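Good morning, and thank you for making time for this presentation. I would ask you to keep the structure in view while I speak.

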Amino acid sequence: MHHPLIALDFAHQETSEDAKLAWRLMFSPHSWKGHRATDKVAAHYSQSTYISPKNVPHNTSLFFSGRSALKALLTALQLPSGSSVAVQGFTCAAVTLPILSCGLNIRYVDINEDDFSMRLNHLESLYNPCIKVLILQHSFGIVPKYRGEIIAFCSKHNIFLIEDLAHGYMPNTLIAPDLGDRYCALVSFGRSKLFSSVFGAGVITPSIQLHDLLQKASSNLPQAPKRLIVRCLLYKGIAPFIKLWYHRGGRIFHRLLLWMQLFPPEITRIEKDGQYDASYAYAYPEVLAHTLHLQLSKKETLLTQITAAIGEYRKHVPQISRFPSPPLNRLPLLAPHSERRTHILRHFRLQNIFLGTWYKEPVGPERLDLAAMQYEKGSCPTSENVGTRIINLPLNVSQKTAEHIGLEIQLLLLTP
Ligand SMILES: Cc1ncc(COP(=O)(O)O)c(C=O)c1O
């Protein structure tokens with residue numbers, strides 16, 4: 001049975017409507033100028049019901065990538081030398097590289113098997129006063145089950161909290177923590193996120209002083225090269241057609257475009273080699289904000305689809321954790337062991353369904369030098385174990401496709 005391509009790591013949220021807009025923007029020079037769309041995106045995040053409860057005004061600064069946003073943020077915090085940042089194992093280089101490039105140390109906290117986020121008692125056990133910042137990652141968009149306790153922990157120890165919402169979206173059932181100026185949220189509009197402009201990110205904070213510093217940092221960054229922006233628009237303009245025609249030449253065409261390096265890589269070679277790469281450190285381009293705005297305008301439809309897909313998967317795969325609820329960008333599931341995971345991934349790959357494996361290592365992507373990331377082998381055993389078993393299911397799919405994947409996964413899980 002041949003489906004159009006379903007690949008969590010390739011343009012999973014791009015539709016023909018996004019493609020049409022990308023082509024139109026490519027040839028409308030006026031939409032590259034000004035800041036109408038960037039202002040709209042910043043306002044969207046600043047005014048989210050989650051971020052701005054009860055008249056606490058927040059402001060958003062935009063960047064070309066979450067990594068460059070994180071670097072600007074950590075620089076703006078002016079931490080004393082020898083400071084550490086607490087980060088969960090089961091994260092990615094986009095989080096750790098900016099920390100290390102600022103000369104800071106990383107303390108890795110292990111995760112829980114059900115929410116894939118920080119384990120409270122491990123965090124408490126490794127506390128020391130050098131920890132000045134904590135990054136609370138909402139893995140896959142799941143609200144961490146110890147979020148309340150971790151916010152209280154930050155408040156007690158005077159730790160600056162970065163709530164990393166890169167994978168998901170503003171969970172509107174929650175309220176922003178009351179940490180005063182010692183709080184910000186990080187959002188990303190990278191291509192593997194829920195809403196994408198291929199690259200892009202924002203930092204949302206109630207601190208006027210921090211916001212000013214971030215605005216200054218963002219305006220000091222160079223403009224993204226035109227060639228890079230065109231490559232992002234081409235990605236949006238071509239990807240939906242590659243997906244649709246994958247089994248009829250789309251695959252070969254995709255390979256050809258990759259070989260020509262037409263699409264900018266999500267992670268650069270320098271990053272894979274364990275170095276922060278400033279080649280994605282730019283201001284957020286106006287024209288990309290137009291593409292993000294289109295996706296944000298279809299938010300409700302997307303969230304309804306995700307809810308339906310999660311419901312369908314749950315019907316067939318009872319092993320799915322009870323925690324995940326939308327907005328999520330992928331649905332995590334644990335195979336009993338790594339061989340079964342390999343088997344499941346292969347089974348679906350033959351149907352042009354490429355499931356995800358965020359994250360195979362305590363710091364992804366695979367083959368990153370973990371020692372260079374200051375990760376000590378064995379220090380986060382659950383992260384390491386989960387990394388050998390994790391599978392991510394796609395959520396930008398119809399209920400019928402979710403049913404198909406769910407039924408087959410259940411059979412594959414049950415087969416001895
Ligand atoms: C947990 C997490 N935080 C932040 C980021 C930063 O995103 P980017 O630099 O791709 O915008 C990523 C990237 O994948 C991520 O996985």
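The ligand is surrounded by 14 residues, and the closest are Gly66, Arg67, Asp164, Ser188 and Tyr359. Please bear in mind throughout that this is a predicted model. By class, the shell around the ligand consists of five nonpolar, six polar and three charged residues.

In the side chain of aspartate 164, an N or O atom lies 2.6 Å from a nitrogen atom of the ligand. Lysine 193 has a polar side-chain atom 3.1 Å from an oxygen atom of the ligand. For tyrosine 359, the distance between an N or O atom of the side chain and an oxygen atom of the ligand is 2.8 Å. How much of the ligand's accessible area does the protein cover? On its own the ligand has 390 Å² of accessible area, and the protein covers 95% of this. Two elements, α3 (66-76) and α4 (93-101), are the ones that give two or more residues to the shell around the ligand.

A cis peptide bond, with omega about -15°, joins tryptophan 358 to tyrosine 359. The loop that holds tyrosine 359 runs between β11 (353-354) and β12 (363-364). There is also a cis peptide bond from glycine 364 to proline 365, where omega is near 0°. Proline 365 belongs to the loop between β12 and α14 (381-389). For context, most peptide bonds are trans, and most residues other than glycine have a negative phi.

Phenylalanine 90 counts as buried because its relative accessibility is 0%, and the cut-off for buried is under 20%. Phenylalanine 116, again not a glycine, has a positive phi of about 60°. The loop between β5 (105-109) and α5 (120-125) contains phenylalanine 116. With a relative accessible area of 2%, phenylalanine 116 is buried.

Which residues of α13 are buried? They are Arg340, Arg341, Ile344, Leu345 and Phe348. Why do these residues lie on the same side of α13? They do so because the arc they cover around the axis is only 135°. As a general point, an α-helix has 3.6 residues a turn, so residues three or four places apart point the same way. Glu339 and Thr342, on the other side of α13, are exposed.

Finally, a word on glutamine 13. Its place is the loop between β1 (6-7) and α1 (16-26). Is glutamine 13 buried or exposed? Glutamine 13 counts as buried, because its relative accessibility is 7%. From glutamine 13 to serine 48 there are 35 residues in sequence, and the C-alpha to C-alpha distance is 21 Å.

Thank you for your attention.

Notes
Residues numbered from 1 in each chain as written. Predicted model: local features only at pLDDT ≥ 70, side-chain atom pairs only at ≥ 80, totals over all residues. Heavy atoms only, no water. Near = heavy atom within 4 Å. Polar contact = N/O pair within 3.5 Å; in protein donor to acceptor, adjacent residues only side chain to side chain. Areas by Shrake-Rupley, 256 points an atom, 1.4 Å probe, with all protein chains shown as cover. Helix = DSSP H or I, 4+ residues; strand = E, 2+ residues; numbered from the N terminus. Nonpolar A, V, L, I, M, F, W, Y, C, P; charged D, E, K, R; others polar. Buried < 20%, exposed > 50% of the residue type's maximum accessible area, 1.4 Å probe, protein only. Arc of directions from axis to C-beta.
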